Amino acid sequence: MAQVERDPERAAAALLTRRTLMRPLPSKIEELVGVDRETAVSGLLDAPLDDAQAPEAEKSESTLTWWLNRISENVNGLQERMTFLWHTLIPSHRYAVGNQAFVGMQLNMIRSRALGNFRDLMQAFAADPAMLKYLDAESSTAKNPNENLAREIMELFTVGLGHYSEEDVRQAALALSGWRVDGDGRRAYIEPKRAYEGETTFFGETKQWDTPSIVDRLCDHPATAAHIGSRVWYHFTGQYLAGEARAELGAWWQGQNLDIKPLLQRIFLDQQFWENHYVRPRTGFEYYCAVQNVLNLDPSQHWRAKELGQMVYEPPNVGGWPEGDRWLSPDSMLRRSGMMFSIDFKDVPNGLTATTEEILDACGLYVLNDQVISAMAATADHVDEIGEEGPPQLKWRIAMSCPEFQLQ
Amino acid sequence: MTGSDYQDFDYGEQPHQPPSVGPDGAPVDGAGDAPSTTDDVITRRRLLQGMGAAGAVGAGAWWQLRGGNQPQSAVASKRVDTSVLEVGANNGGQTETLAAGSVDDLLSQFGVADNVLLTPAPVDQRVLVLIELEGGNDGLSTVVPYSAGAYYDRRPNLSIAPESVIPIDSEVGLNPQLARLSQRQVAVVEGVGPVNGNLSHFEMVERWDYGSTEGGNASRAGFLARVVDRIDSGSPVTGLSVAGHTPRFTNASASTLSIENLNALKVLTNNDWIYPIYRQSLTSVSGGPVANTLAGTWNQLFSMGRSLAGDIERYDGDSPIVKNGGGLGRQLAMAAALIKADLGIRVVHARMGGFDTHDGHNGRHERLMGQLDGAVDAFLQIIADAGLADRVLVATTSEFGRRVSENSSGLDHGAASTMLLFGPVVPGRLGDPSPVSNLDNRGNLKTTIGFDRYLASLAQEWLGVDAGAVLDSAPAPISILA
């Protein structure tokens, strides 16, 4: 067995495209062939945002279909990827947000800030009706503060475990109390008579804390930059930063004022980003988007993403979806191969005529094991069993099931 | 058919014949004949030992091996001392193929294993099979309080006549449809129900799913997820759902597999040309730890597919488990095939719907019990034939029981119900009966064993997982094992 690099220039372009866009279109790969890294990365970061607005529909189904269409349109693929990443790091569940129109509102909020500033994004989340509803903010009053929102903001979305005390949680819960989410008026607001009015002591400072000042204080903490920065790092490189490297990244990003673009630029130009072609599993939704990209499936078929274990806006819990090898479980692989065998390639452009080379190009597979290529070639020996149209179909299935296609 | 059709099973010491029933559920030719010579000798010896210990021989269902004619006390935590086991008297003609005095006939009633009572395998080999009876199973129609006047008073139309039940003791008996299972080692756990519950399916199912007495679980792991994570040994599949997606495994770190149809594996089991090609392409490694993990996963799946190939065919067609057990039978056939494939499966979740019998209770519940009987009995037979009987415990769950008083033709949502356990359990009545004469203010049976205690028993007693580590309420388990 040997790894084959079919085309080194396209292999590099495919790596960048696969990791930075939700839809790694072959045409995007072609655009980047021969372009140096700095120029290619700047091109990604400087592309104009897609400012199309998601429908704030009372059936989130149409909102999510709209988003999948946007991902498919690929106007700004990095914006879509960052929207996806922020959603997975700071998730809400569409059936737990009261009015499902809040899904569209949150999606618009994230998409417009996806490449902006993390502090700004976090402030917007902390006032976002969907998230407030999802984290039970409404049931937190001065009299009976509910710690859910305060705890999750600290544990999951900002500083991370180990950087706050239980007393900080209690005090922050008081400071964050009083939220109301108005489904009909489609807004979230503080109702003064339910909010705690006195001073609280948070991170050693006693004053009149409220939601924005709590979020600000958390974003000032170096642990936030290290925590969130390293999660973004993992998403793009498949590597977990630890110890000094993690702290250093945090301090550096803090110095960049938590602006998101410089962080991405640093990651995309780091040697670690380019070192290995396949570093982490594609999650369920990423795999769905990759298949959608190759086969141009109708984006309303997003039930397939659910079957693959990751429907956006349906996280298993507030911690989001599991990361890492979990996506390589037997369950996951069976679902993926099952999906491959459920697709009728007659409906796919070139589904019954594509050659091995064309299929590998369409799949962005410029680096792969020679066994995969020879397995695809071997299908031609079985025309007797499966007819003339059989081998191409099986080749597609092999290409989109092979290890390389499961990975980022 | 009566339970005696399954008389000659053996709890797992040597390979055994497949179930001796034909496609229609009737015994096939020769099924009722005397056991083979080897079995004969062994079983005669066992039987005679049993006779010596008991000093009297009768016939009856399993629980009568314990306690003779004494009505079973309903106190929890009772353990059986096998040295004082005795064979009970015939229980009023329920299993009447027996002619007293004939050893061969006695054998046909007691063709069972070594120490008479099936005892559990070492804890790290045990498998828990949970069957969720979805919709709220009526405990009183499952284990009938046939001596309670209040039961007949409140259910003029929907009760089961005393002469129909399969008696467990002088107070309660099994639903007549559970005839096959009555011949196996079975325990009934009475009074299991919600803690501070309400009557919502959704909320009560969620509490069972998450093992939480309080509800509100959006950010938590499923109960079975916590269990499999405690016993995870890195095997290909630790938790298996044959019921499709289940929140019970939500957020497990251990490997869990959810599969609704063994045919999904067919692509992996295909023996013709596609298999080597597909396998070759999927198990190749391009280097790096992630690719290695992935190749390992595919290799496991292919091995699994290979070792399952025979079973996929066998349970596809007219096998008794599918024929008699319906949808649950198909699920349990898959579970049996996967358990036998030695993948490291320790927890299985299966599900049977249809228990929400607001109307037409009699006919519907009767059919459901018949399917449960067919499915679980055939499953246990497959397991026993594979020599795994001492490793597998089947336990039912249901979100709640049903109202004691009937509406016109059905029963509304209730509270406590009765759960069933099959396998190496203390046979007979466990739990704490909730009397029909002492109901809560909605007219429902009061919970005497919180569902969390029941789950605690399955986790701690059977799987050796500390209940406090997987259930926030840290309930005290009840003893269930033989």
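This is a tour of a predicted model, stop by stop, with what to select at each one. Local features are given only at pLDDT of at least 70 and side-chain atom pairs only at pLDDT 80 or more, while totals for chains, interfaces and linings use all residues; side-chain values use heavy atoms, with hydrogens and water left out. Residues are numbered from 1 along each chain as its sequence is written, and chains are lettered from A in the order in which they are written.

**Stop 1: chain B**

Select chain B and colour by secondary structure. There are 14 helices and 12 strands; helices (H or I, at least four residues) and strands (E, at least two) are DSSP runs numbered from the N terminus. Of the 482 residues in chain B, 60% are buried, where buried means under 20% relative accessible area, exposed over 50%, and partly exposed in between (1.4 Å probe, protein chains only). The accessible surface of chain B is about 16,800 Å², and carbon and sulfur atoms hold 48% of that area; such areas come from the Shrake-Rupley method with a 1.4 Å probe, and for residues only the protein chains shown count as cover. Among contacts in chain B with a separation of 6 or more, 73% join residues 24 or more positions apart. Contact means heavy atoms within 4.5 Å.

**Stop 2: the A–B interface**

Now show both chains. Here 40 residues of chain A are in contact with 34 residues of chain B. The area buried between the two chains is about 3,100 Å², with 66% from carbon and sulfur atoms; buried area is the accessible area (1.4 Å probe) that two parts lose on being put together, summed over both. Select A:Pro330, A:Leu334 and A:Pro403: they supply 20% of the area that chain A buries against chain B, more than any other three residues.

Between the chains there are zero salt bridges (a side-chain nitrogen of Lys or Arg within 4 Å of a carboxyl oxygen of Asp or Glu). One residue pair, both at pLDDT 80 or more, is in polar contact. A polar contact is a pair of N or O atoms within 3.5 Å; within protein, one must be able to donate a hydrogen and the other to accept it, and residues adjacent in sequence count only if both atoms are side-chain atoms.

On the chain A side, select helix 18 (330–342), which gives the largest share, seven residues. Other elements giving two or more residues include helix 20 (370–378) and helix 22 (390–401) of chain A.

**Stop 3: A:Glu5**

A:Glu5 sits in strand 1 (residues 3–5) of chain A. A:Glu5 counts as partly exposed because its relative accessibility is 44%. Its C-alpha is 9.1 Å from that of A:Leu365, 360 residues away in sequence. Beyond four places in sequence, A:Glu5 touches A:Ala11, A:His277, A:Tyr366 and A:Val367.

**Stop 4: A:Thr237**

Move to helix 12 (residues 222–237) of chain A, where A:Thr237 lies. At 0% relative accessibility, A:Thr237 is buried. A polar atom of the A:Thr237 side chain is 3.1 Å from the backbone nitrogen of A:Gln239. Contacts of A:Thr237 beyond four places in sequence are A:Ile267, A:Gln272, A:Phe273 and A:Val279.

**Stop 5: A:Ser140**

Finish in the loop between helix 8 (129–134) and helix 9 (148–157) of chain A, which holds A:Ser140. A:Ser140 is buried, at 3% relative accessibility.
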